[in-house]
Protein chains: 2
Amino acid sequence: MEISHTEENYLKAIFKISERKGKPASTNAISKAMETSAASVTDMVKRLSEKELIHYERYRGATLTENGARIATHLIRKHRLWEVFLVNNLHFSWDEVHEIAEQLEHIKSPQLVERLDEFLGNPKFDPHGDPIPDADGNFTFRKQALLSDLGEGETGAVVGVQDHTTAFLQYLDRMQLVLGTRIEVLERFEYDESVKVKISGEREQLLSKKVSQNLFIQREAV
Amino acid sequence: MEISHTEENYLKAIFKISERKGKPASTNAISKAMETSAASVTDMVKRLSEKELIHYERYRGATLTENGARIATHLIRKHRLWEVFLVNNLHFSWDEVHEIAEQLEHIKSPQLVERLDEFLGNPKFDPHGDPIPDADGNFTFRKQALLSDLGEGETGAVVGVQDHTTAFLQYLDRMQLVLGTRIEVLERFEYDESVKVKISGEREQLLSKKVSQNLFIQREAV
DNA sequence: AATAAATTTTAGCAAAGTCTTAAAAAAGAC
DNA sequence: GTCTTTTTTAAGACTTTGCTAAAATTTATT
């Protein structure tokens, strides 16, 4: 059964929405993600339902079938592997790779993905710290917290971002906050929920509430 | 101006046909290459002509405009660069890469191509020995002959194939005739135009007319 | 040059894929 | 239980690409 690029993108959107919300993806949520009208979404979910890629009941939203989930995670796998390639081998920065990977993820060749994975050394996380599912669709889970959840004195390493916008990623670049950077929470200011941190054990920096709520940290024993 | 994948493939076909024949690509030739009806081709060439990607006059065939040629050579550049990547880095064999490269060549990102080129070490030829045009669309020209053109006693190296079919490529693999292999013509048999050669200075092998007419050789001073 | 054969174009139509607006129906909020 | 929001239906449109059959044109043959 042929699946178009658009259909694939719908599946990915439904996957992400229903995962984030912990419940079926609503028509409105999908239409927002896909930047299209609610009516178009209803059309599409009917088609995806007929192809048995999603479970769909009128007014109840959509969840992926086993088959649909397999396709969606495989897309995410491809997307993230290509991002690793683009950053590690072609020296793109982490804010430039999304659009290109968005195209590359639609290349159809089972062999290609597995060989790419091997070539890259079977990475478990992409350049933004997001987990790369394995060929069976299993994600590596990592215990991580937002910087905003760390108490004074706690230390950890930057392992990912919640906000994937170019603006945020470029901001982090300017702050030299790349994946793996060590961070120690020196002081928390209740007034504006900003936080003073020590970066790489070298320099002190004040980070805003917004930044601290979008940076994933893996705690370290001190 | 948006150009669809199909349109891009037509441009490539027109490029190859008019280059090979040294004159405009006829409707029939295009329809054969694209595996579609002549009527569909007429439809498409009209559209390409309106977009000023080809010169087209009724009953006269099609040639590429400067713009069309730029797009076509760029597609060929992308195709061949990806083939190099697939063979050199992902360890595909030369008969497996065409279909995948056929997809990859449609990825749109000027930066990607240039970085890929650099990553691969600016290769001038693809795994089948075909020249890779540079960013300006210039092909490296190489003085090469068909094995069938070599006289007894002449030596050279395998530098390319004319026939790109899987069958031929796999046949060459079995004969251990890869790019760069040295070949000496020992004897030519007029009867069936077969030729006895010495491969890599080691083993003797009889090659058929068909094989010798599809293998490009670069002559060597003996 | 006239005729036959081959090629190419035109005309008309079709199907997939995706989207839209406007109105109706259902669900959720107060 | 009414009001608001969400979702669906209905009807259709548009693009892209393709097809067949018949007409027009070019090329080849006698």
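A salt bridge is a side-chain nitrogen of Lys or Arg that lies within 4 Å of a carboxyl oxygen of Asp or Glu, and over all chains of this predicted model there are 22 such salt bridges. The legends below look at some of them, and at other features of chains A and B.

**View 1. Chain A as a whole.** Chain A contains eight helices and eight strands, and its C-alpha atoms fill a box of roughly 55 × 40 × 30 Å when this is taken along the principal axes. Of its 222 residues, 45% count as buried.

**View 2. The two chains and the axis that relates them.** Two copies of a chain are related by a rotation about an axis and a shift along it.

**View 3. A salt bridge between A:E193 and A:K209.** Side chains of opposite charge can pair when their charged atoms come close. In this view the side chains of A:E193 and A:K209 meet at 3.6 Å, taken from N to O. Because A:E193 lies in the loop between strand 5 (182-189) and strand 6 (194-199) of chain A, while A:K209 lies in helix 8 (residues 209-212), the pair ties together parts that are 16 residues apart in sequence. A:E193 is partly exposed, with a relative accessible area of 40%, and A:K209 also counts as partly exposed, at 35% relative accessibility.

**View 4. A salt bridge between B:K51 and B:E7.** The side chains of B:K51 and B:E7 meet in a salt bridge of 3.0 Å, N to O. This pair links distant parts of the chain, 44 residues apart, with B:K51 in the loop between helix 3 (38-50) and strand 1 (54-57) of chain B and B:E7 in helix 1 (residues 5-21) of chain B. B:K51 is partly exposed, with a relative accessible area of 24%, whereas B:E7 counts as buried, at 4% relative accessibility.

**View 5. Salt bridges that involve residue 12 in chains B and A****.** In chain B, the side chains of B:K12 and B:E102 meet at 2.9 Å, N to O, in a salt bridge. B:K12 belongs to helix 1 and B:E102 to helix 5 (residues 97-104) of chain B, so that the pair links distant parts of the chain, 90 residues apart. At 7% relative accessibility B:K12 counts as buried, while B:E102 is partly exposed, with a relative accessible area of 25%. In chain A, a network of salt bridges links A:K12, A:E102 and A:E105.

**View 6. A patch of positive charge on the surface of chain A****.** The patch gathers A:R20, A:K21, A:K23 and A:K32. One of these residues, A:R20, has its place in helix 1 (residues 5-21) of chain A, and it counts as exposed because its relative accessibility is 61%, where exposed means over 50%.

View 7. Most residues other than glycine have a negative phi.

Key:
Residues are numbered from 1 along each chain as its sequence is written. Chains are lettered from A and ligands numbered from 1 in the order in which they are written. This is a predicted model: local features need pLDDT of at least 70, side-chain atom pairs count only at pLDDT 80 or more; totals for chains, interfaces and linings use all residues. Side-chain values use heavy atoms; hydrogens and water are left out. Patches are made of residues with over 30% relative accessible area and no salt bridge: like charges are joined within 9 Å, nonpolar side chains (Val, Leu, Ile, Met, Phe, Trp, Tyr) within 5 Å. Accessible areas come from the Shrake-Rupley method with a 1.4 Å probe; for residues, only the protein chains shown count as cover. Lys and Arg count as positive and Asp and Glu as negative; His and the chain ends are not counted. The place of a charge is taken as NZ of Lys, CZ of Arg, CG of Asp or CD of Glu. Helices (H or I, at least four residues) and strands (E, at least two) are DSSP runs, numbered from the N terminus. Buried means under 20% relative accessible area, exposed over 50%, partly exposed in between (1.4 Å probe, protein chains only).
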